[in-house]
Number of protein chains: 6
Amino acid sequence: MPYVNIKITKEGATAEQKKQLIEGVTQLLVTVLDKNPATTLVVIDEVDMDNWGIGGFPVTELRKKK
Amino acid sequence: MPYVNIKITKEGATAEQKKQLIEGVTQLLVTVLDKNPATTLVVIDEVDMDNWGIGGFPVTELRKKK
Amino acid sequence: MPYVNIKITKEGATAEQKKQLIEGVTQLLVTVLDKNPATTLVVIDEVDMDNWGIGGFPVTELRKKK
Amino acid sequence: MPYVNIKITKEGATAEQKKQLIEGVTQLLVTVLDKNPATTLVVIDEVDMDNWGIGGFPVTELRKKK
Amino acid sequence: MPYVNIKITKEGATAEQKKQLIEGVTQLLVTVLDKNPATTLVVIDEVDMDNWGIGGFPVTELRKKK
Amino acid sequence: MPYVNIKITKEGATAEQKKQLIEGVTQLLVTVLDKNPATTLVVIDEVDMDNWGIGGFPVTELRKKK
């Protein structure tokens with residue numbers, strides 16, 4: 001019955017990678033807390049780099065600096 | 001003053017259906033808890049089927065199996 | 001498969017009232033979008049009045065003014 | 001280490017305005033709570049007006065009335 | 001830089017188990033998407049069983065039935 | 001109409017400090033985006049240090065190391 005929300009920047013994660021995240025985090029909840037996978041929900045949000053900030057700056061700007 | 005977030009898979013919910021969700025959940029909070037509808041916020045997130053997992057699989061795959 | 005999060009101020013909602021919210025919003029998703037209730041999750045957060053702001057003020061202060 | 005999520009309606013906020021939100025809220029957490037900006041995350045969600053309700057109505061309808 | 005939120009019912013997860021969730025999901029993001037663990041945030045919410053619904057019922061009631 | 005959620009570790013933020021966060025972030029949305037403060041909601045979550053992870057470790061452990 002757990003609910004997991006994963007937020008990452010939108011930088012081209014593939015369907016296969018997102019599948020691995022869903023699989024991996026569901027398995028983690030089964031292993032650690034014996035949760036029922038059938039009702040475990042995982043939602044991945046891919047966030048525009050203009051809309052994600054860290055250290056007070058949008059990721060868009062941080063990527064340019066590198 | 002309540003805040004409600006509804007997450008559903010992106011599978012063609014119409015503006016009319018989303019309107020009914022907003023209306024219905026706002027009314028529910030008025031009826032059950034006597035909340036003020038004027039400051040009740042409802043946010044609906046429509047999530048890509050690749051980004052939503054249940055039972056350890058992305059919905060995209062589950063839909064194919066059916 | 002929907003996920004619903006309802007945030008309200010912590011002001012004594014009873015178990016019965018919270019049950020009605022869970023029931024009502026699940027039913028709403030069945031009626032409007034034909035969702036499967038078995039995998040519909042609802043999470044209610046009751047938030048301290050010091051931690052909830054509207055109009056720039058904590059609810060604690062707004063309640064005193066009334 | 002704080003995490004801040006700002007949800008606004010999708011009505012043309014510019015990259016510059018979003019940058020100001022990220023900067024401003026990060027600075028606020030530094031000033032008020034002496035938080036470390038380097039690990040302060042800010043995520044801005046811009047929500048379709050059909051998907052945002054207030055007072056029981058989608059914002060799309062409210063904007064038309066005005 | 002990812003942000004992960006894990007919601008589980010409050011049923012006695014230990015500090016050690018929560019540590020394993022934090023460790024496991026951070027590692028998953030490193031493995032699958034090569035994310036930087038140093039700025040990966042994980043927040044676990046433990047939700048009262050009265051406040052968590054599935055299938056239209058609070059978990060409190062479902063646990064009694066079993 | 002914006003909704004802001006601020007998550008911080010539970011380490012003794014005072015009612016006065018939380019008031020300043022509410023005031024400050026509401027003002028920021030007025031200044032930057034000309035939002036209506038009357039319907040701007042702010043919710044602050046104070047999260048147990050066992051339940052907050054960064055760099056793959058619970059904050060409880062990180063605080064001990066320092």
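Modeller: A cavity is a set of points on a 1 Å grid over the protein atoms alone where a 1.4 Å probe fits but cannot get out. This model is predicted, so local features need pLDDT of at least 70 and side-chain atom pairs count only at pLDDT 80 or more, while totals for chains, interfaces and linings use all residues. Residues are numbered from 1 along each chain as its sequence is written, chains are lettered from A and ligands numbered from 1 in the order written, and side-chain values use heavy atoms, without hydrogens or water.

Biologist: How many cavities of 30 Å³ or more does the search find?

Modeller: The whole structure has 1.

Biologist: Which residues are closest to its centre?

Modeller: Lining residues have an atom within 4 Å of a point. There are 18 of them here, and A:Asn5, B:Asn5, C:Asn5, D:Asn5 and F:Asn5 are the closest to the centre. Strand 1 (3–9) gives two or more residues to the lining in each of chains A, B, C, D, E and F. Strands (E, at least two residues) and helices (H or I, at least four) are DSSP runs, numbered from the N terminus.

Biologist: What classes of residue make up that lining?

Modeller: The lining has 6 nonpolar, 6 polar and 6 charged residues. Asp, Glu, Lys and Arg count as charged; Ala, Val, Leu, Ile, Met, Phe, Trp, Tyr, Cys and Pro as nonpolar; the others, Gly among them, as polar.

Biologist: Now the interfaces. How many residues of chain A are in contact with chain E?

Modeller: Contact means heavy atoms within 4.5 Å. Here 26 residues of chain A meet 26 of chain E. The two chains bury about 2,200 Å² between them, 76% of it on carbon and sulfur atoms. Buried area is the accessible area (1.4 Å probe) that two parts lose on being put together, summed over both.

Biologist: Which polar links cross between chain A and chain E?

Modeller: There is 1 salt bridge: A:Lys35 to E:Glu11, with the closest N and O atoms 4.0 Å apart. The rule asks for a side-chain nitrogen of Lys or Arg within 4 Å of a carboxyl oxygen of Asp or Glu.

Biologist: What does the interface of chain F and chain B look like?

Modeller: There, 6 residues of chain F contact 6 of chain B. The buried area is about 430 Å², with 85% from carbon and sulfur atoms. F:Tyr3, F:Thr39 and F:Leu41 lose the most area in chain F, together 83% of what that side buries. This interface has 0 salt bridges and 0 residue pairs in polar contact. The chain F side has 5 nonpolar residues, 1 polar and no charged.

Biologist: Which chains do not touch?

Modeller: Chains C and D are one such pair, with their nearest C-alpha atoms 14 Å apart. Chains B and E are another, also with closest C-alpha atoms 14 Å apart.

Biologist: How many salt bridges does the structure hold over all chains?

Modeller: The total is 28. One of them joins A:Glu61 and D:Lys19, with the closest N and O atoms 3.0 Å apart. That pair runs from helix 2 of chain A to helix 1 (residues 15–33) of chain D.

Technical notes: A polar contact is a pair of N or O atoms within 3.5 Å; within protein, one must be able to donate a hydrogen and the other to accept it, and residues adjacent in sequence count only if both atoms are side-chain atoms. On a 1 Å grid over the protein atoms alone, a cavity is a set of points where a 1.4 Å probe fits but cannot get out, and a pocket is an open set with protein on both sides within 12 Å along at least five of seven lines; lining residues have an atom within 4 Å of a point. Grid points are joined across faces, edges and corners, and a volume is the space filled by probe spheres set on the points.
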